[in-house]
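User: Hi! I'm new to reading protein models. Could you walk me through this one?

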Amino acid sequence: MNSLILENGKTPEEWVKIFKAERGVHLSARTIRENARRLGACRMLGKVMMLLPEHIDRLFQEPKACPSNSTNATDGGGSKAESTAYRAANTTDKALAYLSQRQKGTPKRQSRPSNSRRSNVISLETKGR
């Protein structure tokens, strides 16, 4: 029975030795692990990671699309910077309105009228002791 993993699979540490010995390329096992996990270019069994030659090829390929969630300026009718500027202006306007209200002496919120009742305090001491 032939197994691709048994015949060709290697740990990231083994690939580091191969790259260094055969190509003179200095990579860390950590770099290989992080990129392999990110791209899904590995085989895992528990905590053991095995990489086949085709996984290594995938690590060195150019990405097909930008992995970030950013948008360019033409998507959605505007750029991200424009929407941030709008939010900042809106927040600034609210702050200015609040400060001008405070300066006029009319607070934005009126305090509620208190339903204070006068209470009588009764002493628990007895007279004549």
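**The nonpolar core**

Analyst: Happy to! The largest nonpolar core has 12 residues: Trp15, Val16, Phe19, Ala29, Ile32, Ala36, Ala41, Cys42, Met49, Leu51, Ile56 and Leu59. A nonpolar core is a set of buried Ala, Val, Leu, Ile, Met, Phe, Trp, Tyr and Cys residues joined through side-chain atoms within 4.5 Å. H2, H3 and helix H4 (53–59) each supply at least two residues of this core.

User: What does buried mean here?

Analyst: Buried means under 20% relative accessible area, exposed means over 50%, and partly exposed is in between (1.4 Å probe, protein chains only). In soluble globular proteins, nonpolar side chains tend to be buried together.

User: Where does this model come from?

Analyst: It is a predicted model, where local features need pLDDT of at least 70 and side-chain atom pairs count only at pLDDT 80 or more, while totals for chains, interfaces and linings use all residues. Residues are numbered from 1 along each chain as its sequence is written, and side-chain values use heavy atoms, with hydrogens and water left out.

User: How many helices and strands does the protein chain have?

Analyst: The protein chain has five helices and two strands. Those are DSSP runs numbered from the N terminus: helices are H or I with at least four residues, and strands are E with at least two. Along the sequence, the pattern reads α-α-α-β-β-α-α. Of the 129 residues in the protein chain, 14% count as buried.

User: Back to the helices. At what angle do H2 and H3 pack?

Analyst: Helix H2 (residues 12–23) and helix H3 (residues 29–39) pack at about 120 degrees, and their axes are 8 Å apart. That makes H2 oblique to H3. For angles, under 35 degrees is roughly parallel, over 145 roughly antiparallel, 65 to 115 roughly perpendicular, and the rest oblique. Axes are lines fitted to C-alpha atoms, for helices over the stretch in contact, and angles run from 0 to 180 degrees between N-to-C directions.

User: Which residues in H2 and H3 meet?

Analyst: From H2, Pro12, Glu13, Trp15 and Val16 meet Ala29, Ile32 and Arg33 in H3. Contact means heavy atoms within 4.5 Å. The residues of this contact of H2 with H3 divide into five nonpolar, no polar and two charged. Here Ala, Val, Leu, Ile, Met, Phe, Trp, Tyr, Cys and Pro count as nonpolar, Asp, Glu, Lys and Arg as charged, and the others, Gly among them, as polar.

User: New topic: His55. Buried or exposed?

Analyst: His55 is buried, with a relative accessible area of 9%. It is found in helix H4. Not counting residues up to four places away in sequence, His55 touches Ala41, Cys42, Arg43 and Met50.

User: And what is Ala41 in contact with?

Analyst: Leaving aside neighbours within four places in sequence, Ala41 is in contact with Ala36, Leu51, His55, Arg58 and Leu59.

User: Last one: where does Lys10 lie?

Analyst: Lys10 lies in the loop between helix H1 (4–8) and H2, and at 23% relative accessibility it counts as partly exposed. Lys10 and Met49 are 39 residues apart in sequence and 8.2 Å apart in space, C-alpha to C-alpha. Not counting residues up to four places away in sequence, Lys10 touches Trp15, Ile18, Met49, Met50 and Leu51.
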